[in-house]
Amino acid sequence: VVRLLELKEREETLALARSRAKFLDDLSEMIRREEEFAQLEEPIGPRPVRERFDGNGAFGREQMKRMVLAFEKEFSRSLPVSANGDTAFHRAMGFDHRGRLDVALNPDDPEGQWLRKFLEREGIPYYAFRAAVAGAASGAHIHIGPPSLRLKSAD
């Protein structure tokens with residue numbers, strides 16, 4: 001019985017180590033992409049890399065529910081949410097992402113354009129990222145809600 005418990009603990013330790021290794025690989029890839037895109041100058045083509053709409057400054061559950069249902073009705077599929085609230089990825093970048101939503105849509109594609117118009121009509125703040133932006137975004141997406149706050153580092 002003791003050996004089985006020891007084996008189980010070692011398997012759990014190995015699983016955690018593999019999970020951490022994958023996270024570090026993902027983080028390394030994100031940093032590599034940010035470094036590539038840091039060389040880009042805004043704007044890319046005729047449009048800036050990022051656009052900001054402040055709306056009324058608020059974003060809550062009721063607004064999110066209306067948005068999700070409207071998107072599903074319009075496109076007959078789920079809204080492609082890539083981050084709902086706080087994530088390890090955002091914490092690793094130094095952001096408090098609570099109360100925010102990231103949607104994996106290019107802001108210039110038809111679905112992205114529709115979503116941006118919906119957000120503007122509803123007064124919901126957002127950032128539209130067309131590409132990665134060093135220290136801010138790992139790729140094209142729409143960040144919904146007020147800007148993410150920077151986490152305070154422990155001294």
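**Exercise 1.** Determine the accessible surface of the chain and the share that belongs to carbon and sulfur atoms.

Solution. The accessible surface, taken from the Shrake-Rupley method with a 1.4 Å probe, comes to about 10,200 Å². Carbon and sulfur atoms hold 53% of this surface. Next, 33% of the 155 residues count as buried, that is, under 20% relative accessible area (1.4 Å probe, protein chains only).

The model is predicted: local features need pLDDT of at least 70, side-chain atom pairs count only at pLDDT 80 or more, and totals for chains, interfaces and linings use all residues. Residues are numbered from 1 along each chain as its sequence is written, and side-chain values use heavy atoms, without hydrogens and water.

**Exercise 2.** State the order of the strands in the open sheet and identify which strands stand at the edges.

Solution. Begin with the inventory: the chain has four helices and seven strands, defined as DSSP runs (helices H or I, at least four residues; strands E, at least two) and numbered from the N terminus. Five strands form the open sheet, in the order β1-β5-β6-β4-β2 with antiparallel pairing; pairing requires at least two DSSP bridges between two strands. β1 (50-53) and β2 (81-84) each have a single partner strand, so one side of each lacks a neighbour in the sheet.

**Exercise 3.** Describe how β2 is joined to β4.

Solution. The two strands run antiparallel and are joined by three bridges, β4 comprising residues 101-103. Val81 has Val103 in β4 as its bridge partner.

How values were computed:
Buried means under 20% relative accessible area, exposed over 50%, partly exposed in between (1.4 Å probe, protein chains only).
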